[in-house]
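Morning, everyone. Please look at the screen while I bring up the model. I'll talk through salt bridges first, then a helix and a sheet.

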Amino acid sequence: MLKVPEHQVAGRQAIDGKLGPLIDNLGHFYKPLQDDDERGTRELTFYHSFSSNTRIPHHIRRFFPVFHGTQLLKASDGSGLCPHLVLQDITSDHLNPSILDIKIGSRTWYLEASNDYIQNCFHKDKTTTTVSLGFRICGLQIYNESGFWKPGRKLVRNFTADDVRSVLRKFVSSNVGPEPDCCFADSVYGGCDGILERLLELKTWFEDQTMYHFRSCSLLFDKESFLRGKTPFAEVKLIDFAHVVDGNGVIDHNFLGGLCSFIKFVSQVLADSKGSTMEDKF
């Protein structure tokens with residue numbers, strides 16, 4: 001039985017007769033590939049390339065969803081059969097996941113794209129924190145005893161740098177009020193298995209890898225499984241590869257710069273929660 005993802009926080013959604021992803025009860029996430037959409041072809045090409053690339057270190061592969069191939073399924077918009085990517089459902093079996101979707105990079109477009117696409121991305125990049133911070137929040141939901149806090153997409157698009165700091169504090173708090181307590185900061189962000197350490201591990205790879213340039217990709221974070229002891233480390237995944245291009249032997253400075261900027265924001269929240277200044281690792 002396929003259904004609409006309950007905890008999707010960004011991207012196209014399979015609601016109101018629209019085409020979007022579906023999930024099953026076996027831990028699979030089905031992302032539709034449109035025949036007339038270059039983005040689907042580009043994402044499928046990336047997954048095939050990445051899956052067979054022997055130069056990808058084993059410890060880096062865990063940052064990417066497991067790829068199970070493609071499957072022909074009925075599209076959510078009622079248009080008939082449509083090929084779908086079959087991926088790992090990252091929030092499968094999570095009862096109340098707290099999720100952050102962070103689009104990394106100060107430029108989300110790539111030179112091979114159409115002019116209309118570039119102009120659309122350029123406008124979004126300028127009117128969000130993408131250009132100023134090197135990343136932007138695309139969506140989120142945070143669970144506490146009162147339920148889920150899930151701000152609307154329009155509100156999220158208008159987030160400022162101060163809003164970003166506030167969200168990062170609320171993500172590791174037991175409350176989402178004006179004064180979040182950051183009581184989970186040390187567990188979720190800190191330590192050898194926390195998000196900060198995972199990001200630094202990813203940063204080290206991006207300082208060397210020249211195989212791919214990850215335009216308009218996101219980092220997805222989920223803290224529930226880690227806090228509940230279901231996984232030995234915080235969940236950090238790279239998602240959305242419809243705009244990945246060949247690196248041609250050049251470091252992906254766009255992604256790397258945005259990642260370093262996000263690391264600094266997370267580090268500051270962790271430092272503030274401890275009431276001390278952390279050593280600069282960058």
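Glutamate 207 is partly exposed, because its relative accessibility is 34%. Here is the scale: buried means under 20% relative accessible area, exposed means over 50%, and partly exposed lies in between, with a 1.4 Å probe and protein chains only. Lysine 203 has 9% relative accessibility, so lysine 203 is buried. The side chains of these two, lysine 203 and glutamate 207, form a salt bridge, 2.9 Å from N to O. A salt bridge here is a side-chain nitrogen of Lys or Arg within 4 Å of a carboxyl oxygen of Asp or Glu.

Quick word on the source. This is a predicted model, where local features need pLDDT of at least 70 and side-chain atom pairs count only at pLDDT 80 or more, while totals for chains, interfaces and linings use all residues. Residues are numbered from 1 along each chain as its sequence is written, and side-chain values use heavy atoms, leaving out hydrogens and water.

How many salt bridges does the rule give? The count is 11. Take glutamate 38 and arginine 42: their side chains meet at 2.7 Å, N to O. Both sit in helix α1, residues 38–52, and they are 4 residues apart, about one turn of the helix. Helices (H or I, at least four residues) and strands (E, at least two) are DSSP runs, numbered from the N terminus. Glutamate 38 is partly exposed, because its relative accessibility is 47%. Arginine 42 has 18%, so arginine 42 counts as buried.

Next pair. Arginine 215 and aspartate 252 form a salt bridge at 3.4 Å, N to O. This one links distant parts of the chain, 37 residues apart. Arginine 215 is in the loop between β8 (212–214) and β9 (218–222). Aspartate 252 is in the loop between β11 (244–246) and α10 (253–274). Both residues are buried. There is also a network of salt bridges: Lys31, Glu43 and Asp240.

Now the sheet. In what order do the 4 strands of the open sheet run? The order is β1-β2-β4-β3, with antiparallel pairing. Strands pair if DSSP finds at least two bridges between them. At the edges are β1 (22–23) and β3 (67–74), each pairing on one side only. Between β3 and β4 (residues 81–88) there are 6 bridges. Glutamine 71 stands opposite histidine 84 in β4.

Last, helix α6, residues 161–170. Its buried residues include Val164 and Leu168.
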